[in-house]
Amino acid sequence: MAKKRVLNTNKNIAFSCQYLVVWCPKYRRKVLSGEVKKRLIEIILCVSEELGAKVKELQVMPDHVHLLIDCDPSFGVYKIIKRIKGHSSRLLRYAFPHLKSRLPTLWTNSMCVLSTGGANIEVIRQYIQNQKDV
């Protein structure tokens, strides 16, 4: 039996908007490991919470990030990811100066955003978790 999808609400709408988002560092450099990876995860969770988005699954690979996020459509997934990328770039480049010397900016301007539609969220979570083995 399929699980029922729970709706989130804000003042005006009830929604369930889940997206799989993938983005990478400039030049696809493998800089997202060790302490950088740990701090990036903290920043993503913090910014998401501040914006009212719920991180359902997160996998940081050395050269890219997979994020399954549930967000308010009135704010939008693009604005949330842009804010995450902006804050994380600034904070990580300040905390880890070696990132400044290797990259003119931390992130590329691009990202891949896929809506999950009616897909089983557990299948998408499993896909993200399995990325560390690829």
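Trainee: Which strands do the buried residues of α4 pack against?

Mentor: They pack against β3 (18-23), β4 (54-61) and β5 (64-70). Contact here means heavy atoms within 4.5 Å. Helices (H or I, at least four residues) and strands (E, at least two) are DSSP runs, numbered from the N terminus. One caution: this is a predicted model, where local features need pLDDT of at least 70, side-chain atom pairs count only at pLDDT 80 or more, and totals for chains, interfaces and linings use all residues. Residues are numbered from 1 along each chain as its sequence is written, and side-chain values use heavy atoms, leaving out hydrogens and water.

Trainee: Which are the buried residues of α4, and why are they said to line one face of the helix?

Mentor: In α4 (residues 121-130) they are Ile121, Ile124 and Ile128. Seen down the axis of α4, these buried residues fall within an arc of 65°, so they line one face. The arc is taken from the directions from the helix axis to the C-beta atoms. An α-helix has 3.6 residues a turn, so residues three or four places apart point the same way.

Trainee: What makes Asn120 a cap of α4?

Mentor: A side-chain oxygen of Asn120 lies 2.8 Å from the backbone nitrogen of Glu122, at the N-terminal end of α4. A polar contact is a pair of N or O atoms within 3.5 Å; within protein, one must be able to donate a hydrogen and the other to accept it, and residues adjacent in sequence count only if both atoms are side-chain atoms.

Trainee: Why is Arg93 called buried?

Mentor: Buried means under 20% relative accessible area (exposed is over 50%, partly exposed in between, with a 1.4 Å probe and protein chains only). Arg93 has 16%, so it is buried. Arg93 lies in helix α2, and a polar atom of its side chain is 2.8 Å from the backbone oxygen of Leu103.

Trainee: And how do you know that Ser89 is buried?

Mentor: Its relative accessibility is 15%, so Ser89 counts as buried. Ser89 is also found in α2, and touches Leu106 and Trp107, not counting residues up to four places away in sequence.

Trainee: Why are α1 and α2 called oblique?

Mentor: The axes of α1 (residues 34-50) and α2 (residues 77-95) come within 10 Å and cross at roughly 140°. Angles under 35 degrees count as roughly parallel, over 145 as roughly antiparallel, 65 to 115 as roughly perpendicular and the rest as oblique. Therefore α1 and α2 are oblique to each other.

Conventions: Axes fitted to C-alpha atoms, helices over the stretch in contact; angles between N-to-C directions.
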